[in-house]
Amino acid sequence: MKDITFSNERYEFIYMPSGHYRNYYDMIMDDFNVIQGESIFSGIFHETHKEVIDELFERLALNNESSSKTLAEFTDYRTYMDYDIKIIHSDGTFSYYSKVCEEKSGGETQTPFYVTVAASFVQLYTNNIGGEATGLVMFDEAFNNMDDERISGVLEFMNRLPLQLIIAAPPDKIQYIGPSMEETLLIMTDEKVDEIYRHLGRVPEKQMQQAQLTVLQELKTECSTPVARNFICWLMKRLEQGKTVKEYLNLDDTEGSRRLIRAIHRIETNQKEIYIREFSVQCFGDSKELEKKSGLIGKIFRRFSDDMEDMDNDVILAEYGIYRTPNYVYVKGSGRLRIGTPEAYDIDLRSLCQGIGLSGEDLDGLEWKRDVSVKRIITIENLTTFFRWEEPDSVLIYLGGYHNAVRRKFLQKLYQVFPEAEYFHFGDIDVGGFEIYEDLCRRTGIPFTTYKMGISELEQYEQYTRELTENDRKRMDSLLNNEAYENVWPILRYMKEHGKKLKQESIL
């Protein structure tokens, strides 16, 4: 502490033999005891301290209510010492805390108190009393009678010690305590909140919540599509309960809330294929605004729709005919088709090594010919496998994960022309692959079955399998409890039992 000044004063801990128990101290510290370890009954030692020894045994032998207190007193080393704080003043003079504590002001007496308490905690914690310690010290209504210089000095001293401080103090002390603390928390009663907001020139939170509720009530009728309606109802319930909605809205921006919800409604009601930036201009008056908000909008659709939980942002928008770039369906294999007028040329897929990409805008004019054998329709999840895979008398379609509205339209048109063909889905042998398969069956209404997604593939390509993660197992349990996946329960149970999954690209 010699380098720390507390309002022009420095402190020094001092200790000395107790004035009241000086005879006992001298006996205990006698060289015969300290150095030679003689018994108190040894001749010379006993003769030298006979009066003190007799007094000690006489007091210990008393059988009364205070005997246990006496024993505790004489077995505590602190009994034989006097402790004090030497206060060194700026002019070099000094005084002792024990002499001036009743004469000085509150701040002058509080400072040595905090210094002593902090030092005592350090000693307690460094001795590991009670086991390994965190060094936590809590002060309530701290420094209430101390000026800023003394507070600064005490905190400088405490911050040099291996302690973690938690200090509760009145508001008027924050400006002095705050700079020395790593974190400051303001705690106030409810009735003071509005007053604080007014003082800061801000709108009270309750008032902003009410403004948001008014806007949401208006939008509830205007934006009645499923996702928009679910989102509005959730927001209103949270706000009415006084809970936060900052995950989705800025409370102080009601116009921003209005624009966001109207955008969700317009996405759900979009009837024509359109590019993201064109839609953004129509919706926000800014070609890039939808891309900026796509993460938030995607999050809302995943949470508040019935069947988009695992879709990424672009797939969600594509589901409503909104595309980042022209949307193509990649197809190859067997089959012959024509696009456009009857005078247009036929396209024979058998003559194209890697097939063809068909724009979503051309699907309405697409016509399949039945003069080429098509026994199987196979959707393929991953692009690498699509380019590599060959199957006779089959139409292969690149799905790209979850299918979108364009690919669904293409598949349904195929099913109308070739209802007698077998329909297969070929994807990853993992939870995501089976979720994509179920989504494909449900949304298209086509009776797909899995292709090369069974136990035999896991066994044959075991060297390429990967371990299931904890998240895989949780999702798998969900599928095993969902009757929509009943036809793939055997493979799911096998995967769970063996802890394995396999990527489609590993299958040759």
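**Close-up views of rings, charges and cysteines**

**View 1. Lysine 299 over the ring of tyrosine 248.** In this predicted model, lysine 299 sits over the face of tyrosine 248, at 5.5 Å from the ring centre.

**View 2. Lysine 86 over the ring of phenylalanine 94.** The face of phenylalanine 94 has lysine 86 lying over it, and the distance to the ring centre is 4.2 Å.

**View 3. The pair of tyrosine 328 and tyrosine 330.** There are 25 aromatic pairs in the structure. In the pair of tyrosine 328 and tyrosine 330, the ring centres are 6.5 Å apart and the planes meet at 35°. Planes under 30 degrees apart would count as stacked and those over 60 as edge-to-face, so at 35° this pair is tilted. Tyrosine 328 has a relative accessible area of 34% and is therefore partly exposed. Tyrosine 330 is also partly exposed, with a relative accessible area of 34%.

**View 4. An aromatic cluster that includes Tyr328 and Tyr330.** Tyr328 and Tyr330 belong to one aromatic cluster together with Phe386, Phe387 and Tyr398.

**View 5. Cysteine 353 and cysteine 441.** A disulfide is a covalent bond that joins the sulfur atoms of two cysteines. Zero disulfides are found when the whole structure is searched. Cysteine 353 has a relative accessible area of 69%, so this residue is exposed. Cysteine 441 has a relative accessibility of 21% and counts as partly exposed, because buried means under 20%.

Conventions:
Residues numbered from 1 in each chain as written. Predicted model: local features only at pLDDT ≥ 70, side-chain atom pairs only at ≥ 80, totals over all residues. Heavy atoms only, no water. Phe/Tyr/Trp six-rings, centres within 6.5 Å; stacked < 30°, edge-to-face > 60°. Buried < 20%, exposed > 50% of the residue type's maximum accessible area, 1.4 Å probe, protein only. Lys NZ or Arg CZ within 6 Å of the ring centre and 35° of its normal. Disulfide = S-S within 2.5 Å.
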